Amino acid sequence: MKYEVVIGLEIHVELLTASKLFCGCSTAFGREPNSHCCPVCLGLPGSLPVFNRRAIELSVTAALALKSEVQLRSRFDRKNYFYPDLPKAYQVSQFDQPLARGGYLAMEYEGKKKLINLERVHLEEEAGKLIHAGDSIIGAGHSLVDYNRAGIPLLEIVTAPELHSGEEARLFLEDLRTVLLYAGVSDCKMEEGSLRCDANISLRPAGSSELGTKAEVKNMNSFRSVELALDYEIKRQQQVLSAGGVVNQETCHWDEEKKQTFSMRSKEGSSDYRYFPEPDLLPLVLEKSFVAELARTLPEMPAKRRERFQEQYNLEKKEAFMFTGNREMGDLFEAVAKIYRDYRNLANWIQGDLLYQLRESGKKIKEVEPALLANLLRLLDEGRINRPVAKELLAEMVQTGTDPVDLVKERGLEQISSRESLLPLLEQVIAENPEAVENYRQGKKKALAFLVGKVMAATKGRADPAELNRLFEEKIQG
Amino acid sequence: MAVDFNAEVDYVARLARLFLEPDEKKRMAGQLSDILKTARRIQELDTTGVEPTSHVTEVPAVLREDQVKPSLPLNRIMQNVPRRDKGYLKVPRIADSQQDQD
């Protein structure tokens, strides 16, 4: 039988605040364990939570970026369960009155544009971090708890069950990450856990409108593992169903080492969270003007920017994807494009030599000064330097931030391209290398490169190679 | 609607990790029954047009600025912690946590 795969994602992102959601403890990552804790985030009796304004702003901004309808009135509830990463034995979350409802993300899959709908966007608090000692997850021993993470503002985004393969889910997640990075709400680092994704996945006979029994897949720690885990789970469910079996509603853990999912035995009733309104937090009421101001300052989103880049700068689709897939790269391109009009040339340099130099030097795109890059390209366009010199200057500019114009002046790197200057050098090289001259006469292209190289060496790389080629041809073949 | 209040008490007690003696269970089952009876009476009221109330005041929540404040020193955090390992709290292994509910 043919099956249709139905996947819905539940994404959690830590918001970029300095302090936690309900207290002044720092949110900094990777500090001494339990060094960022206080009575509020430890849930000590008598402590009271107070909302962090920035966390609310970032949540609303994220909701707006995702076209989710911001609710002017929302409520926080307690989600009750016992687990050592939860110091209060409940998580402050949102249940039936979330911060934002609906929304969608536009993406392209297999050449087709599509909208993936969202159910909701809501705000909650992070749990602490558990470290499982020992080699096996099951068995005797103990776990270590670090509450530094407990209480960091966490945004939950839930999609409608509208994804249909591991690859599509991964691409959606990558696009979602780009949107959230553009919106500036989170650093979205899967490897540090500031972006996490769980998936609900079920199979149904093709054409059927009823959803099959779903399994929840957790512990996918990279974009790649999301795709692998879901593809694995699809195969597993297919085998179960094809053999006439039934899929159990259960939670599976993705094992990165073994590349397979494992069922976590679930016990009936264990998901009775007994949500009830958080008595310590009054309803969150937002002014229309507060939301409008955040909407006004929302930057252009990647999908729109992608289209604009193709139209405004005549970039290839692939290039537009590349330049907008990374907000900083797009920003650099646009900053230079304001003062340098050869967009084609600019695009080539950024995706070629500049990216290479950034990788080599370990510098960040943000550190590149747009005006300097424009200066460099102009020097080359005006024929004042040649290509090899331009590449060297680029490397130095990236490394030290020096203006290529200054470097050219300081070091006398201007290109030598006049006939009068080049001819004497050329004649000397011809006189000194009779063998190469003869080889070239007989049609060996390599001999020409050798002769050009000699002049380049004599001029410390400043001669105009195109002009040299022409002159040698004229002198020897002519 | 026949509710087995003894079973309800068992269930709630398990969720709350409470151990109750048989006579406590019996007493609580009676109290739970009374509480639900009262709730049912309230539910008989016509609340058409009345907004559900979750909080007794109509004041919206207050927001604070996003400023980092000092946290507690480790020795204060660990003051009531039964077991620790250097800077961490030490708890019984919880992987396969469902087992410990049995």
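Helices, here of at least four residues, and strands, of at least two, are DSSP runs numbered from the N terminus. In these terms chain B of this predicted model holds three helices and three strands, and its elements follow one another from the N terminus in the order α-α-β-α-β-β. Of the 102 residues of chain B, 7% count as buried.

Two of the strands of chain B, β2(B) and β3(B), form a hairpin with two residues between them, and B:K86, which lies in the turn, has a positive phi of about 50 degrees. The pairing of β2(B), at residues 84-85, with β3(B) is antiparallel and extends over two bridges; within this pairing, B:R84 has B:L89 of β3(B) as its bridge partner.

Strand β3(B) also takes part in a pairing that joins the chains. Strand β11(A) pairs with β3(B), residues 88-92, in the antiparallel sense over four bridges. In this arrangement A:S143 has B:V91 as its bridge partner, while A:V145 is partnered by B:L89, the residue of β3(B) that is also the bridge partner of B:R84. In general, the strands of a sheet pair through backbone hydrogen bonds, in either a parallel or an antiparallel manner.

The contact between the chains as a whole involves 46 residues of chain A and 34 residues of chain B. On the side of chain A that touches chain B, the elements giving two or more residues are β2 (51-52), α1 (53-65), β11 (142-146) and β18 (284-285) of chain A. Of these, β11(A) gives the most, with five residues. The residues on this side of chain A divide into 23 nonpolar, 14 polar and nine charged.

Within chain A, three strands form an open sheet in the order β6-β5-β17, with antiparallel pairing. The edges of this sheet are β6 (90-93) and β17 (276-277) of chain A, each of which pairs on one side only. Strand β5(A), residues 77-80, is joined to β17(A) in the antiparallel sense over two bridges, and in this pairing the bridge partner of A:D77 in β17(A) is A:P277.

Turning to the nonpolar cores, the largest has 69 residues, and those with the most contacts inside it are A:C41 and A:A62. When its neighbours within four places in sequence are left aside, A:C41 is in contact with A:K20, A:F22, A:C23, A:C25, A:Y147, A:A150 and A:G151. A second, separate core of 32 residues includes A:F309, A:A320, A:A374 and A:V408.

Helix α7(A), residues 327-337, and helix α8(A), residues 343-361, pack at an angle of about 145 degrees, their axes lying 11 Å apart, and their crossing is right-handed. The contact brings A:L332, A:F333, A:V336 and A:A337 of α7(A) together with A:Y343, A:L346 and A:I350 of α8(A). The residues of this contact divide into seven nonpolar, no polar and no charged, whereas the side of chain A that touches chain B includes 14 polar and nine charged residues beside its 23 nonpolar ones.

Technical notes. Residues numbered from 1 in each chain as written. Chains lettered and ligands numbered in written order. Predicted model: local features only at pLDDT ≥ 70, side-chain atom pairs only at ≥ 80, totals over all residues. Axes fitted to C-alpha atoms, helices over the stretch in contact; angles between N-to-C directions. Left-handed = near helix turned anticlockwise from the far one by under 90°. Contact = placed C-beta atoms within 7 Å. Nonpolar A, V, L, I, M, F, W, Y, C, P; charged D, E, K, R; others polar. Pairing = 2+ DSSP bridges. Buried ≥ 20, exposed ≤ 12 C-beta atoms within 10 Å, placed from the backbone. Core = buried A, V, L, I, M, F, W, Y, C linked by C-beta atoms within 7 Å.
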